[in-house]
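Reader: I'd like to learn how to read helix packing and side-chain surroundings in a model. Could you walk me through some cases?

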Amino acid sequence: MSLYTSTRKKLENLTATQAILQGLSDEGGLFVPTEIPAVDFSLEEMLGWNYKELAYRVIKLFFEDIAAQDLRHCIENAYDEKFDDKEITPLVTTESANFLELFHGPTIAFKDMALSILPYFMLTSKKYNKESKDIVILTATSGDTGKAALEGFADVEGTKIIVFFPEDGVSEVQKRQMVTQEGKNTLVVGVKGNFDDCQTGVKEIFADRAFEQEIAGKNYKLSSANSINIGRLVPQVVYYFAAYTKLIRENKIKVGEPMNVVVPTGNFGNILAAYYAKHMGLPINKFICASNTNKVLFDFFDKGTYDRNRDFHLTISPSMDILISSNLERLLYHISGEDTHLVANMMEQLKKEGKYTVTKEMKDQLSDFYGGYADDETTKAYIKKIYEEEGYLMDTHTAVAYAVYDKYMQETNDTVPSVIISTASPYKFTSSVMTALDDKYQAIDDFTLLDEMHTLIKGAMPKAMDQIAHKEIKHKTVCEINEMKHIVSSFLV
Ligand SMILES: *Cc1c(COP(=O)(O)O)cnc(C)c1O
């Protein structure tokens with residue numbers, strides 16, 4: 001049976017559904033599998049499977065306490081027509097690269113891969129552990145996660161979802177996506193403050209024991225949908241297997257040969273899923289970790305020191321503007337030989353001094369990782385170049401990955417084929433992408449630019465963007481920072 005423990009403390013092992021329900025361990029550690037399961041199928045065998053079958057065969061190895069028919073039910077509900085491509089994660093091949101597009105879900109960014117299935121894992125976990133209270137998902141968002149969580153949890157029975165966003169801190173399109181959210185169990189609130197204020201407000205609510213009691217009396221229990229939940233990480237392992245089967249079908253590799261993956265990285269969840277896939281038996285050669293100007297991870301792979309004491313930069317790839325990559329803690333656990341004491345110490349140093357250094361033995365185990373970064377100018381230049389030369393329009397996050405991929409190829413001349421993980425549709429970052437192509441778009445508003453972009457790209461406008469300018473606004477609440485708790489309380493009747 002695959003069981004779960006904490007990165008910071010050896011625990012009585014938890015089942016997968018207990019770990020999903022709890023989210024974070026009591027002493028602040030993240031849940032990790034006591035052993036990364038090996039695949040129980042051959043690489044040839046999986047070539048015949050569609051995405052859902054692949055998801056079933058991979059996820060069941062991690063979440064063994066979920067019965068077969070229940071797991072199938074979760075997968076059926078998650079990867080259905082809300083994805084606008086029946087392959088779910090199509091591979092697009094251009095002259096210079098292979099792109100695995102993870103943006104065909106309801107919010108056109110890769111968070112949908114995990115957040116469309118997490119609600120069903122939560123309900124299953126609730127049932128298995130006889131938790132009778134309704135789950136309330138409370139999230140602060142700087143844009144992407146909030147909308148993906150709203151789409152995932154909207155109208156899911158036994159759950160409610162409340163999203164706080166900085167009233168003046170998200171793009172026009174992102175805001176419109178959230179405030180037009182349907183679903184009786186959803187609440188979206190603009191906060192008069194920045195993202196940190198929203199985040200701090202939410203953390204305070206989570207830490208408030210009296211408040212926990214108050215809502216428990218109304219039969220509610222708070223939970224979080226952010227990427228430290230193991231229920232978000234495991235579904236992401238699946239698409240690396242999907243990428244591999246697609247490379248074989250495209251005759252880029254033969255069964256058993258390795259591939260590289262290039263991942264635009266923020267919180268380190270996506271690339272950690274690739275690491276898990278490799279340790280399950282998928283032939284991955286290099287993990288190419290791409291950062292923007294907030295290049296904490298590049299420096300970490302370079303020097304072995306993680307140091308968050310630096311200026312924070314707002315970039316055109318905002319979902320990667322991050323100085324603390326939470327999921328890196330799971331990698332530390334695995335490369336330290338599961339030394340919870342050491343990991344707990346490093347996390348304590350990170351909290352107190354803003355930095356820590358890994359041991360030589362740990363650093364030696366990072367040789368599969370290659371770190372790189374690209375600034376905004378470079379990112380824009382690649383958007384323009386690849387569009388003009390190869391007719392493929394990348395979003396800003398994908399373009400950061402492409403820039404690092406290009407540098408890696410120039411430095412190494414590696415002949416192993418690479419897959420670039422495309423984390424968002426260009427429609428999601430319309431303004432930055434269009435001005436990368438031509439400065440003349442700078443003066444034009446986001447909604448007009450959507451149509452302009454549509455004239456450049458083949459295929460239908462994604463459902464998420466079609467008509468967005470005309471959708472009914474359902475959420476009009478704006479609050480002060482100190483009113484957040486009251487808002488939550490009044491929604492939970
Ligand atoms: C969240 C996000 C990322 C970063 O992914 P992590 O798993 O946090 O490393 C990259 N690109 C986009 C578009 C995202 O939304």
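Reader: Which way does α17 pass α19, in a left-handed or a right-handed crossing?

Author: A crossing is left-handed if the near helix is turned anticlockwise from the far one by less than a right angle, and right-handed if clockwise. Here α17 passes α19 in a right-handed crossing. The model is predicted: local features need pLDDT of at least 70 and side-chain atom pairs 80 or more, while totals for chains, interfaces and linings use all residues. Residues are numbered from 1 along each chain as its sequence is written, and side-chain values use heavy atoms, leaving out hydrogens and water.

Reader: At what angle do α17 and α19 pack?

Author: Axes are lines fitted to C-alpha atoms, for helices over the stretch in contact, and angles run from 0 to 180 degrees between N-to-C directions. Helices are DSSP runs of H or I with at least four residues, and strands are E runs of at least two, numbered from the N terminus. Helix α17 (residues 376-390) meets helix α19 (residues 430-437) at about 70°, and their axes are 8 Å apart. That makes α17 roughly perpendicular to α19 (65 to 115 degrees; under 35 is roughly parallel, over 145 roughly antiparallel, the rest oblique).

Reader: Which residues of α17 and α19 make the contact?

Author: Contact means heavy atoms within 4.5 Å. Lys380, Ile383, Lys384 and Tyr387 contribute from α17, and Val433, Ala436 and Leu437 from α19. They divide into five nonpolar, no polar and two charged (nonpolar: Ala, Val, Leu, Ile, Met, Phe, Trp, Tyr, Cys and Pro; charged: Asp, Glu, Lys and Arg; polar: the others, Gly among them).

Reader: Which side chains make polar contacts with Thr93 and Thr94?

Author: A polar contact is a pair of N or O atoms within 3.5 Å; within protein, one must be able to donate a hydrogen and the other to accept it, and residues adjacent in sequence count only if both atoms are side-chain atoms. The side chain of Thr93 has such a contact with that of Asn98, at 3.2 Å. For the side chain of Thr94, the partner is the side chain of Glu390, at 2.5 Å.
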